[in-house]
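Colleague: Please pick one part of this model and go through its packing closely. I would like the cut-offs stated along with the values.

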Amino acid sequence: MPSWPTDDAGTRQRWQAVGAEVRAARLEREMSQADLAERIGVRQNVVSEDERGKERGIPIHRLVAYAQALNMDYELLAQMAYGLNPPRPGESFRRRTG
């Protein structure tokens, strides 16, 4: 059995976890959704939807933008998002700080 769900509910769970990590990193940096949206070139509602883990997921180019804007480790974020060597349920990756 995989360590991370692979069905539709599991996919949704992964996107929610990624969104929660983006939100936590944004809040750690005391940024508003509007500030982050402006930094990565999207509307605020896109950031809001991504942070809530909408079912459609986050495109890779936007994951890269979040990682750069929030100084996150892109490879770990992508692994979490797309299930490549995913974390175990309840696990989180470490955000880089600095």
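Modeller: H2 passes H4 in a right-handed crossing; a crossing counts as right-handed if the near helix is turned clockwise from the far one by less than a right angle, and as left-handed if anticlockwise. This is a predicted model, in which local features need pLDDT of at least 70 and side-chain atom pairs count only at pLDDT 80 or more, while totals for chains, interfaces and linings use all residues. Residues are numbered from 1 along each chain as its sequence is written, and side-chain values use heavy atoms, with hydrogens and water left out.

The protein has five helices and zero strands, taken as DSSP runs numbered from the N terminus (helices: H or I, at least four residues; strands: E, at least two). H2 spans residues 33–40 and H4 residues 60–70; they pack at an angle of about 115° with axes 10 Å apart. The axes are lines fitted to C-alpha atoms over the stretch in contact, and angles run from 0 to 180 degrees between N-to-C directions. H2 and H4 are therefore roughly perpendicular (65 to 115 degrees; under 35 is roughly parallel, over 145 roughly antiparallel, the rest oblique).

From H2, Leu 36, Arg 39 and Ile 40 meet Arg 62, Ala 65, Tyr 66, Ala 69 and Leu 70 of H4, contact meaning heavy atoms within 4.5 Å. Six of these residues are nonpolar, none polar and two charged. Nonpolar covers Ala, Val, Leu, Ile, Met, Phe, Trp, Tyr, Cys and Pro, charged covers Asp, Glu, Lys and Arg, and the others, Gly among them, are polar.

Within H2, the buried residues are Gln 33, Leu 36, Ala 37 and Ile 40. Buried is under 20% relative accessible area, exposed over 50%, partly exposed in between (1.4 Å probe, protein chains only). Down the axis of H2 they fall within an arc of 100°, so they line one face of the helix; the arc is that of the directions from the helix axis to the C-beta atoms. Glu 38 and Arg 39 are exposed, on the face of H2 turned away from its buried side. Just after H2, Gly 41 has a positive phi of about 80°.

H4 also packs on H5 (residues 74–82), with axes within 9 Å and crossing at roughly 140°. That makes H4 oblique to H5. Ile 60, Leu 63, Val 64 and Ala 67 of H4 contact Tyr 74, Leu 77, Ala 78, Ala 81 and Tyr 82 of H5. By class, this contact has nine nonpolar, no polar and no charged residues.
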